[in-house]
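Here's a quick briefing to read alongside the sequence and the 3D view. Keep both open while you go through the points.

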Amino acid sequence: MKKRTEPTFLYVADIMKLFNCSRSKAYQIIAELNRELEKKGFLFIRGRISRRYFEERYGA
């Protein structure tokens with residue numbers, strides 16, 4: 001039996017569901033987290049956020 005793994009990234013739709021917020025607010029949240037990663041010297045992809053960093057930042 002294969003072990004089911006969680007996706008590496010969270011997308012706008014995922015953030016919208018987690019926070020029960022609008023699409024624009026979800027993009028703002030992702031952009032803020034990506035700016036934090038950029039300041040720390042990490043690479044990022046616009047429009048998505050690392051699940052690991054999101055969970056670390058929001059304690060999920």
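Predicted model: local features only at pLDDT ≥ 70, side-chain atom pairs only at ≥ 80, totals over all residues.

**Briefing: pocket, core and overall layout**

**The largest pocket**

- About 160 Å³ of space sits in this pocket.
- If you want to find it in the viewer, pick out Tyr27, Ile30, Ala31, Asn34, Arg35, Glu38, Phe44, Arg46 and Gly47, which line the largest pocket.
- How do you spot such a space in the first place? Roll a probe the size of a water molecule over the atoms, and it shows where empty space remains.

**A closer look at Arg35**

- Arg35, one of the residues lining the largest pocket, belongs to helix H2.
- Arg35 counts as partly exposed because its relative accessibility is 47%, which falls between the 20% cut-off for buried and the 50% cut-off for exposed.
- From Arg35 to Arg51 you go 16 residues along the sequence, and the C-alpha atoms of the two are 15 Å apart in space.

**The nonpolar core**

- The largest nonpolar core is made up of 12 residues: Leu10, Val12, Ile15, Cys21, Ala26, Ile29, Ile30, Leu33, Leu37, Ile49, Tyr53 and Phe54.
- Helix H1 (12-19), helix H2 (23-39) and helix H3 (51-58) are the elements that each put two or more residues into this core.
- Which element gives the most to it? That's H2, with five residues.
- As background, nonpolar side chains in soluble globular proteins tend to be buried together.

**The chain overall**

- The chain has three helices and two strands, and they follow the pattern β-α-α-β-α when you read along the sequence.
- Along the principal axes, the C-alpha atoms fill a box of roughly 40 × 30 × 20 Å.
- Out of 60 residues in the chain, 25% count as buried.
- The chain exposes about 5,100 Å², with carbon and sulfur atoms supplying 52% of that area.
- Take the contacts with a separation of 6 or more: 45% of them are between residues 24 or more positions apart.

Methods
Residues numbered from 1 in each chain as written. Heavy atoms only, no water. 1 Å grid on protein atoms, 1.4 Å probe; cavity = no way out; pocket = protein on both sides within 12 Å on 5 of 7 lines; lining within 4 Å. Points joined across faces, edges and corners; volume = space filled by probe spheres on them. Core = buried A, V, L, I, M, F, W, Y, C linked by side-chain atoms within 4.5 Å. Buried < 20%, exposed > 50% of the residue type's maximum accessible area, 1.4 Å probe, protein only. Helix = DSSP H or I, 4+ residues; strand = E, 2+ residues; numbered from the N terminus. Contact = heavy atoms within 4.5 Å. Areas by Shrake-Rupley, 256 points an atom, 1.4 Å probe, with all protein chains shown as cover.
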